[in-house]
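Okay, thanks everyone. Let me put the model up, and then I'll talk you through it.

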Amino acid sequence: MHVITRFSFIYCLLMYITYKVYQMGRSAPKSLSSLSLGPQRKCKCYNGYFINGYVFHTEEYGQGKKTYNSGVCVKGSTSSELEVDYYGRLEEVVELQYHTEQNIVFLFKCYWYDTTDRGIRVDLHYGLVEINSKARLRNINDVFVFAKQCPF
């Protein structure tokens with residue numbers, strides 16, 4: 001069984017989009033054409049971002065402030081019927097631009113916590129989630145999420 005790495009998946013996706021743009025010729029939408037080129041080599045980084053009605057700040061920026069929100073939660077699901085929420089701390093806000101001003105993507109770079117019983121505990125009565133800050137996940141490749149995936 002061949003395992004597709006993240007790099008080869010992205011490369012294959014870009015090749016597929018490039019092929020579709022080539023097939024369409026001049027009728028290809030500009031947004032699709034700019035995606036086929038991949039993101040620009042330069043990116044912008046920010047200390048905070050406002051999305052979904054919430055202001056997020058990087059953990060470093062929020063140090064010493066009266067109020068800040070560097071905690072992120074990403075709703076997820078597994079292949080089984082169980083839903084798994086992922087909890088982390090915001091390290092960096094990254095803006096990627098795809099060769100046109102319409103194609104801008106904001107990513108959150110986070111460090112994540114273990115979502116097993118060792119890492120989190122949920123109060124069933126109030127629904128509050130308690131996170132064990134010592135149960136950080138290490139050596140993971142998935143540190144980025146789309147900013148719009150973080151509902152709170």
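One term before we start: when I say contact, I mean heavy atoms within 4.5 Å. With that in mind, have a look at Val74 in this predicted model. Which residues does Val74 touch, leaving aside its neighbours within four places in sequence? The list is Val84, Asp85, Tyr86, Trp112, Val145, Gln149 and Cys150.

Some of those names come back in the largest nonpolar core, which has twelve residues. Strands β4 (71-77), β5 (83-97) and β6 (104-112) each put in at least two residues, and β6 gives the most, with three.

Val122, Leu124, Val129 and Ile131 make a nonpolar patch of about 360 Å². Ile131 sits in strand β8, residues 129-131. So is Ile131 buried, exposed or partly exposed? Partly exposed, because its relative accessibility is 34%, and that category runs between 20% and 50%.

Last bit, confidence. The chain has a mean pLDDT of 79, with 82% of residues at 70 or more. Strand β1, residues 44-46, comes out highest at 92, while helix α2, residues 30-36, is lowest with a mean of 68. Then there's the stretch at residues 1-6, where pLDDT is below 50. Beyond near neighbours in sequence, that stretch has three contacts in the model.

Okay, over to you.

Technical notes: Residues are numbered from 1 along each chain as its sequence is written. This is a predicted model: local features need pLDDT of at least 70, side-chain atom pairs count only at pLDDT 80 or more; totals for chains, interfaces and linings use all residues. Side-chain values use heavy atoms; hydrogens and water are left out. A nonpolar core is a set of buried Ala, Val, Leu, Ile, Met, Phe, Trp, Tyr and Cys residues joined through side-chain atoms within 4.5 Å. Buried means under 20% relative accessible area, exposed over 50%, partly exposed in between (1.4 Å probe, protein chains only). Helices (H or I, at least four residues) and strands (E, at least two) are DSSP runs, numbered from the N terminus. pLDDT is the predictor's confidence in each residue, from 0 to 100. Patches are made of residues with over 30% relative accessible area and no salt bridge: like charges are joined within 9 Å, nonpolar side chains (Val, Leu, Ile, Met, Phe, Trp, Tyr) within 5 Å. Accessible areas come from the Shrake-Rupley method with a 1.4 Å probe; for residues, only the protein chains shown count as cover. A salt bridge is a side-chain nitrogen of Lys or Arg within 4 Å of a carboxyl oxygen of Asp or Glu.
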